[in-house]
Amino acid sequence: MRGDRELKGRLHAYDQHMNLVLGDVEETITVVEFNEETYEELVRTVKRNHEMLFVRGDGVILVSPPSRS
């Protein structure tokens, strides 16, 4: 997704605009902060869980099956 977000969940529905309905979703947000005094980048990840989520199609970049491990 745009905005350094990644969603992993079960696909329940989609349409021709790539709008998605996902269930049991884990959202991972990557935040990069820049310290102007030390010129260092700090990378943080924030994880949230959602029971059901609607994703608008214009924010979707890639849809793929889960990786097998």
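Q: What percentage of the 69 residues in the protein is buried?
A: A residue is called buried at under 20% relative accessible area, exposed at over 50%, and partly exposed in between, using a 1.4 Å probe and protein chains only. Here, buried residues make up 17% of the 69 residues.

Q: What should I know about the model before I read on?
A: This is a predicted model, so to speak of local features pLDDT must be at least 70, and side-chain atom pairs count only at pLDDT 80 or more, while totals for chains, interfaces and linings use all residues. Residues are numbered from 1 along each chain as its sequence is written, and side-chain values use heavy atoms, with hydrogens and water left out.

Q: How many helices and strands are there in the protein?
A: Helices (H or I, at least four residues) and strands (E, at least two) are DSSP runs, numbered from the N terminus. This protein has three strands and zero helices.

Q: How spread out is the protein, judged by its radius of gyration?
A: The radius of gyration is taken over C-alpha atoms, and the globule rule is 2.2 Å times the number of residues to the power 0.38. For 69 residues that rule gives 11 Å, but the protein has a radius of gyration of 15 Å, well over that value, so it is more spread out than a compact globule. The C-alpha trace spans about 45 × 30 × 20 Å along its principal axes.

Q: In what order do the strands form the sheet?
A: Two strands pair if DSSP finds at least two bridges between them. The three strands here make an open sheet with antiparallel pairing, in the order S1-S2-S3. S1 (5-14) and S3 stand at the edges with a single partner strand each, so one side of each has no neighbour in the sheet. On average, neighbouring strands of this sheet are turned by 15 degrees against each other, direction ignored; the axes behind such angles are lines fitted to C-alpha atoms, for helices over the stretch in contact, and angles run from 0 to 180 degrees between N-to-C directions.

Q: How do S1 and S2 pair?
A: Their pairing is antiparallel and runs over eight bridges. Arg5 has Ile29 in S2 as its bridge partner, and Tyr14 stands opposite Leu20 in S2. S1 and S2 form a hairpin with five residues between them, and in the turn Met18 has a positive phi of about 70 degrees.

Q: Which residues form the largest nonpolar core?
A: In soluble globular proteins, nonpolar side chains tend to be buried together. A nonpolar core is a set of buried Ala, Val, Leu, Ile, Met, Phe, Trp, Tyr and Cys residues joined through side-chain atoms within 4.5 Å. The largest one here has five residues: Leu20, Leu22, Val25, Val55 and Val60. S2 gives the largest share of this core, three residues.

Q: Is Leu22 buried or exposed?
A: Leu22 is buried, with a relative accessible area of 8%, and is found in strand S2. Contact means heavy atoms within 4.5 Å. Leaving aside neighbours within four places in sequence, the contacts of Leu22 include Leu7, Leu11, Met52 and Val55. Leu22 and His12 are ten residues apart along the chain, and their C-alpha atoms are separated by 5.6 Å.

Q: And is Glu51 buried or exposed?
A: Glu51 is exposed, with a relative accessible area of 69%, and has its place in strand S3. Not counting residues up to four places away in sequence, Glu51 touches Leu22, Gly23 and Asp24.

Q: What lies 2.7 Å from a polar atom of the side chain of Asn19?
A: A polar contact is a pair of N or O atoms within 3.5 Å; within protein, one must be able to donate a hydrogen and the other to accept it, and residues adjacent in sequence count only if both atoms are side-chain atoms. For Asn19, the atom at 2.7 Å is the backbone nitrogen of Gly57. Asn19 lies in the loop between S1 and S2 and counts as buried at 16% relative accessibility.
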